[in-house]
Amino acid sequence: MLKPPAEAVFEAELKALAEADRDPRPPGWRLSPRAVRAFLCGSDRPAVRRKFFGDDILVERAIVSLSSNRGLMLVGEPGTAKSMLSELLAAAISGSSINAIQGTAGTTEDHIKYSWNYALLLAEGPSLRAMVPSPLYVAMKEGTLVRFEEITRCPPEIQDTLVSILSEKVMIVPELHGPDRVLHAKPGFNVIGTANTRDRGVNEMSSALKRRFNFETVHPIRELRQEIELVGRECDRLLKEVSAPVQVPPQVVELLVSVFQELREGVSREGIQLERPSTVMSTAEAVSVAMAAGLDAFYFDGGRLGPRHVVRHLAGAVLKDNPDDLKKLKHYFDVVVKARSQKEGGPWTEMLEARKSLP
């Protein structure tokens, strides 16, 4: 598989946590809240690696929300690991993270609730056999979590399909008769939604729908060391997955993350004020640049990853649709990188020399 689900990637850790778990579990959950937290934030016994780098208290609040009768809505800028967090929560709580709805401008009510196999519908009439259940229908029937990614990409009238379901935990199928007409959600059912706060094409959620969710804002990683560890680890993993075992020097990752953090915050560590690009300088973008730089080094430079490879791919992350963003990146090189090259040398000098590769 190109991208195995979290429950497959971390199968051994989930099994170890389940075997060692002695704490109370909410109805329908595979792990206790304490074990779910350990899965995301790491633990020593059993040995579980940290997967979410950020606010541990936010993780605890998210777990508590999912154990209640209210849904969980993760909001924030793109690239802040909202989807990853929802995937990890679903894998730990329900044992499956692939039960998901992807919100788009083309999402319809059928995608959220159910649709029909029209050949069977015409031949036999409405029946469970002719129904094509949605991920939401499956989650209610089995008592598991369903992920609704990018919910604000959907038109408001489509989003509001969730209002009655989140309130009553019941889905009515008017085409059916008898007991099949009403689907009652089993214990363990809940919804994890994600929504961006700054992209184009985002629709406002109705007040009625907002009241059915507990909102948690996922912020960019503030701690430099945490982001360096995450970017380095993810880059190593992704390069191995594509059979490009490049050695990623820690100083190159530190340089890359420093650039992203300073452009994101609009100030260098020396206190120099910078113009922030209009694009999102997220951790996910940093991982993408690191991987592209690694592949560049592997295929075209003998596998020796250096700052010059990073510079070649920085422009692609910064320059999306606003030409002024490239000027802001070049200004960063002319002011910050040049000063550090004169003071510290090393990779900063190599980075400054590679400036000519910018478009």
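This is a predicted model: local features need pLDDT of at least 70, side-chain atom pairs count only at pLDDT 80 or more; totals for chains, interfaces and linings use all residues.
Biologist: Leaving aside its neighbours within four places in sequence, which residues is Glu204 in contact with?

Modeller: A contact means heavy atoms within 4.5 Å. With neighbours up to four places away left aside, Glu204 is in contact with Pro156, Gln159 and Lys210. Residues are numbered from 1 along each chain as its sequence is written, and side-chain values use heavy atoms, with hydrogens and water left out.

Biologist: With which side chain does the side chain of Glu204 make a polar contact?

Modeller: A polar contact is a pair of N or O atoms within 3.5 Å; within protein, one must be able to donate a hydrogen and the other to accept it, and residues adjacent in sequence count only if both atoms are side-chain atoms. Here the partner of Glu204 is the side chain of Lys210, at 2.5 Å. Glu204 sits in the loop between strand E8 (190-196) and helix H11 (207-210). Such helices (H or I, at least four residues) and strands (E, at least two) are DSSP runs, numbered from the N terminus.

Biologist: Does Glu204 count as buried or exposed?

Modeller: Buried means under 20% relative accessible area, exposed over 50%, and partly exposed in between (1.4 Å probe, protein chains only). Glu204 counts as exposed because its relative accessibility is 55%. Glu216 counts as buried, because its value is 8%.

Biologist: Which side chain does a polar contact join to that of Glu216?

Modeller: That of Arg61, at 2.8 Å. Glu216 belongs to strand E9 (residues 213-217). Beyond four places in sequence, Glu216 touches Leu58, Arg61, Leu72, Met73, Leu74 and Val75.

Biologist: Which backbone oxygen does the side chain of Ser134 reach?

Modeller: Ser134 reaches the backbone oxygen of Ile112 at 2.6 Å, and that of Lys113 at 2.6 Å. Ser134 is placed in the loop between strand E4 (131-133) and helix H8 (135-142). Its relative accessible area is 3%, so Ser134 is buried. Outside the four places on either side in sequence, Ser134 touches Asp110, His111, Ile112, Lys113 and Tyr114.

Biologist: What span is expected for helix H12, at 1.5 Å a residue?

Modeller: The expected span of a helix is 1.5 Å times one less than its number of residues. H12 (residues 224-241) has 18 residues, and its 26 Å from first C-alpha to last is close to the expected 26 Å. For H13, the 16 residues should span 22 Å, and the end C-alpha atoms are 22 Å apart, so the two values agree.

Biologist: Which residues are buried in H12?

Modeller: An α-helix has 3.6 residues a turn, so residues three or four places apart point the same way. In H12 the buried set includes Glu227, Leu230, Val231, Glu234, Cys235, Leu238 and Leu239. The buried residues of H12 pack against helix H13 (250-265) and helix H14 (283-300).

Biologist: How many residues of H13 are buried?

Modeller: H13 is mostly covered, with 12 of 16 residues buried. Among them are Val252, Leu255, Val259, Phe260 and Leu263, along with the charged Glu262 and Arg264. Their cover includes H12, H14, helix H15 (307-318), helix H16 (324-343) and helix H17 (347-353).

Biologist: Which residue follows H12, and what is its phi?

Modeller: Ser243 follows H12 with a positive phi near 55 degrees. Ser243 lies in the loop between H12 and H13, and counts as exposed because its relative accessibility is 55%. Lys169, also a residue other than glycine, has a positive phi near 55 degrees; its loop runs between helix H10 (161-168) and strand E6 (170-172). Just after H13, Gly266 has a positive phi of about 80 degrees.

Biologist: Which peptide bond is cis?

Modeller: The bond from Arg45 to Pro46 is cis, with omega near -10 degrees. Pro46 lies in the loop between helix H3 (33-41) and helix H4 (56-66).

Biologist: How many helices and strands are there in the protein?

Modeller: There are 17 helices and 9 strands. Of the 359 residues, 50% count as buried. Among contacts between residues at least 6 apart in sequence, 72% join residues at least 24 apart. The C-alpha atoms fill a box of roughly 80 × 45 × 35 Å along the principal axes.
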